[in-house]
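This report covers the ligand site and the nonpolar cores of the structure shown below.

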Amino acid sequence: MNSETDLAPAVASILEAARTRAGGDEALDVDAQSLPDALERAEADGRVPVIAEVKPTSPTADGTREDDPVELAEAMVDGGATAISVLTEPSHFGGSPEALERVREAVDVPVLRKDFVVREAQLDVVDADLLLLIVRFVDDLETLIEAARERGFQPLVEVHDRAELETALEAGAEIIGVNNRDLAKLEVDLETFESVAPEAPEDVTLIAESGISSPADVRRMREAGADALLVGSAIMDHGAADSDVTENTRRLTQTESAPTAADGDSED
Ligand SMILES: O=P(O)(O)OC[C@@H](O)[C@@H](O)c1c[nH]c2ccccc12
């Protein structure tokens with residue numbers, strides 16, 4: 001499925017590497033922590049639900065952070081992160097399954113495995129609470145969603161436009177991420193989320209992904225209906241090796257004041 005001729009060269013190369021990467025030998029059996037429950041807890045204590053991402057580098061990052069992934073994840077949780085995303089892609093993002101394994105042992109929040117899974121056996125590399133599946137890159141989404149659920153993962157299904165949202169819904173996705181970054185040009189546009197979100201049914205957990213860097217961006221995505229935000233670069237701050245990850249997280253999680261009775265009755 002899904003034409004590759006219009007992908008940015010970096011993305012085409014990521015995909016090529018993903019296709020040849022080995023999977024596991026045996027189906028995993030994970031005991032996942034619920035993301036929707038974690039989001040509710042965050043809302044209840046007045047934190048903006050942020051999934052903070054441990055991403056050592058990326059094709060669009062300014063540099064690489066060599067920090068220990070566990071220290072980064074703990075700093076994010078201290079800053080109020082509701083969940084942690086860990087890149088496990090090794091060749092373009094500096095990630096590893098071991099990093100995720102260690103993070104998941106260390107923190108008490110749901111952990112998302114961020115990778116380019118294209119075949120069922122690649123689900124069986126490392127336990128995680130959530131697992132990313134990218135609509136554009138998988139051939140049989142429904143089968144992969146089911147295979148992920150059979151193993152106990154909560155699939156987070158990533159879309160970039162309304163047609164992909166339709167595909168995700170038809171395949172039974174319940175947690176959907178709208179990626180503001182266009183994989184063809186690698187450019188970010190927050191309008192992407194604003195244009196896709198209104199088409200999603202109420203009962204879907206909707207996550208705004210990429211390009212969220214300021215409290216104003218957080219408010220904008222929340223107003224457009226985001227149940228949670230996935231933030232990497234603004235928290236990792238790749239260009240500044242000693243940047244305070246806890247502080248970077250806190251400024252996004254504390255953007256909204258504590259909920260009041262009136263706020264609870266939101267109209268969107
Ligand atoms: O660093 P940002 O702009 O805050 O974006 C985080 C996350 O959305 C991004 O890393 C991402 C979204 N979808 C992906 C798929 C694979 C790897 C990475 C990603």
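## Ligand contacts

The side chain of Glu-53 places an N or O atom 2.5 Å from an oxygen atom of the ligand. For Ser-210, a side-chain N or O atom is 2.7 Å from a ligand oxygen atom. Asn-179 has a polar side-chain atom 3.4 Å from a nitrogen atom of the ligand. The protein buries 95% of the 440 Å² that the ligand exposes when taken alone (Shrake-Rupley method, 1.4 Å probe).

Around the ligand are 17 residues, each with a heavy atom within 4 Å of it. Glu-53, Glu-158, Ser-210, Gly-232 and Ser-233 come nearest.

## Model and numbering

The model is predicted; local features need pLDDT of at least 70 and side-chain atom pairs pLDDT 80 or more, while totals for chains, interfaces and linings use all residues. Residues are numbered from 1 along each chain as its sequence is written, and side-chain values use heavy atoms, without hydrogens or water.

## Nonpolar cores

The largest nonpolar core has 60 residues, of which Met-76, Ile-84 and Leu-229 touch the most other members. A nonpolar core is a set of buried Ala, Val, Leu, Ile, Met, Phe, Trp, Tyr and Cys residues joined through side-chain atoms within 4.5 Å; buried means under 20% relative accessible area with a 1.4 Å probe, counting protein chains only. A second, separate core holds 25 residues, including Ile-14, Leu-15, Leu-39 and Leu-87.

Methods: Buried means under 20% relative accessible area, exposed over 50%, partly exposed in between (1.4 Å probe, protein chains only). A polar contact is a pair of N or O atoms within 3.5 Å; within protein, one must be able to donate a hydrogen and the other to accept it, and residues adjacent in sequence count only if both atoms are side-chain atoms.
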